Amino acid sequence: MSQTAEREDDATVEARPPRTILGHPIGLANLLGVELWERFSFYGMVTILPYYLYYSLDEGGLGIPQPAALGFVGAYAGLVYLSTMLGSWLADRVLGMERMVFYGGFVVMLGHVALALLPGFGGVSTGLVLVAIGAGALKANASSLLGTLYARDDRRTDSGFSIFYLGITVGSFFGPLLTGLLNDSRGFHFAFGAAAVGMLLGLVQYVAFRRNLGTAGKAPGNPLPRTAITRTVVFAVASASVVAAALLTGVVNLSNLAQVLSIVVSLAAVVYFVVILTSPKVTKDERSRVRAFIPMFLSITVFAALFTQMFTAFAAYSDERIDWNIFGWTAPSSWLFLAETVWVMPLLAMASAIWVRLGDRAPSTPTKLGVGIMLSGICFLLFLPFAGGTGKTTPALYVFLILLILAVAEVLVAPIGLAVTTKLAPQAFRAQLMALYFIASALGSSLSGVIGSFYHSTSEFAYFLVIGLAGLAAGGLMFAFGPWIRRHLGRVR
């Protein structure tokens, strides 16, 4: 073939329009799939985790006191999100986002295998640590990798993240559905095994369609210099030693883990913002957008603190106060989260279409966040009519309808928060600003553990009232800061 013909063939390849799915980059399908299976495995595990911790040994659990167990679950959810810092740092400085997604999924699978096969505290500690590390590597990098498939001012971004979040929700629905049934019929360890199989399927799918991502996320955005390797290793070993010493000496234990983690995550967030805002690699416009992200960071934190009650106080409420009898059949208590995701799936599909149709006329991100947080607060207030009772007197249908409001709030906050974080990220900190989104979720989740440890059936009315009013106040503050945020966002909505 002549050189002219070769050049013509190359030009033809370059002229081909990029492959798309539903009008979006083809790589969306692969990232959606692997995140779907990761959420299948994670939520399938975490919705039964509180019961595994506080059920008695005769019931197949570990017999931990309920307040400590609920506080631990909130703290653990925070730890999972906090581990995104490590996963994002490794992606930006060492391995690149694309490889971190695969490695993270593999470690998640090993964690669920440990939960399924190893008994007692040894199995739960080994399994949960592995799941936390792996999920941290996968979650932040899958979302950041998706953001690289769109231009910064691409109007399809919010819609793409809504579709991505729909995949997350599908996994979040079927995971608890299956593990709840398996737990009731075969026990906790069979249910944990199903979570491991789910993550394995996600890895197989990711490898099979890896080529659809092209060169996105292959290289680290801010490679670590060779001269910094030694001090980085020393810092990692020293940090691990401090954590191990705190656990072995009892300074950090089940009773105070949520409080300690809340403090650690708060400090981590401050350090992250300072590092990004003072970096010479961040331009003036990028710095302005990061400042605008600060109040949105706080809003995402508040929403996470309210939403993660699904796995702390609401989990206990579901087990003790909700009548799950449906036409003579008693559904698993862990299906509370599943009942919320039933609403989220159609709402996400509607939202994706609405944001595309409205275009520049769509509400701004601060407005969406403010409305979402206020709706979360209203959701808590709607539990007041049944608060203070005894026994399983709250109708499941009533709770199902309340969760519609929480689902609307989730659609307005979670995918929109993911999308705006990728839009605001400085070029040198793309994965690490996404880590800040998950740090907000980590802080909110650990705070939910602190709050959830105070839940008791005798104080339900005060519990729901205070949290509901706090949600309304936080949403109102977001509206108040809206004009300032929009001024600093520039072209980003």
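A: The lining of the largest cavity is made up of 18 nonpolar, 7 polar and 5 charged residues (Ala, Val, Leu, Ile, Met, Phe, Trp, Tyr, Cys and Pro count as nonpolar, Asp, Glu, Lys and Arg as charged, and the others, Gly among them, as polar). This is a predicted model, in which local features need pLDDT of at least 70 and side-chain atom pairs count only at pLDDT 80 or more, while totals for chains, interfaces and linings use all residues. Residues are numbered from 1 along each chain as its sequence is written, and side-chain values use heavy atoms, with hydrogens and water left out.

A cavity here is a set of points, on a 1 Å grid over the protein atoms alone, where a 1.4 Å probe fits but cannot get out, and its lining residues have an atom within 4 Å of a point. The largest cavity has a volume of about 380 Å³, and of its 30 lining residues the closest to the centre are Tyr43, Tyr81, Tyr165, Phe307 and Ala414. Helices that each supply at least two lining residues include α4 (66-82), α7 (120-148), α12 (284-307) and α17 (430-452), but the largest share, 5 residues, comes from α2.

Tyr165 belongs to α8 and Ala414 to α16, and both are among the residues through which these two helices meet, contact meaning heavy atoms within 4.5 Å. Sorted by class, the contact of α8 with α16 has 7 nonpolar, 3 polar and 3 charged residues.

Note on methods:
Helices (H or I, at least four residues) and strands (E, at least two) are DSSP runs, numbered from the N terminus. On a 1 Å grid over the protein atoms alone, a cavity is a set of points where a 1.4 Å probe fits but cannot get out, and a pocket is an open set with protein on both sides within 12 Å along at least five of seven lines; lining residues have an atom within 4 Å of a point. Grid points are joined across faces, edges and corners, and a volume is the space filled by probe spheres set on the points.
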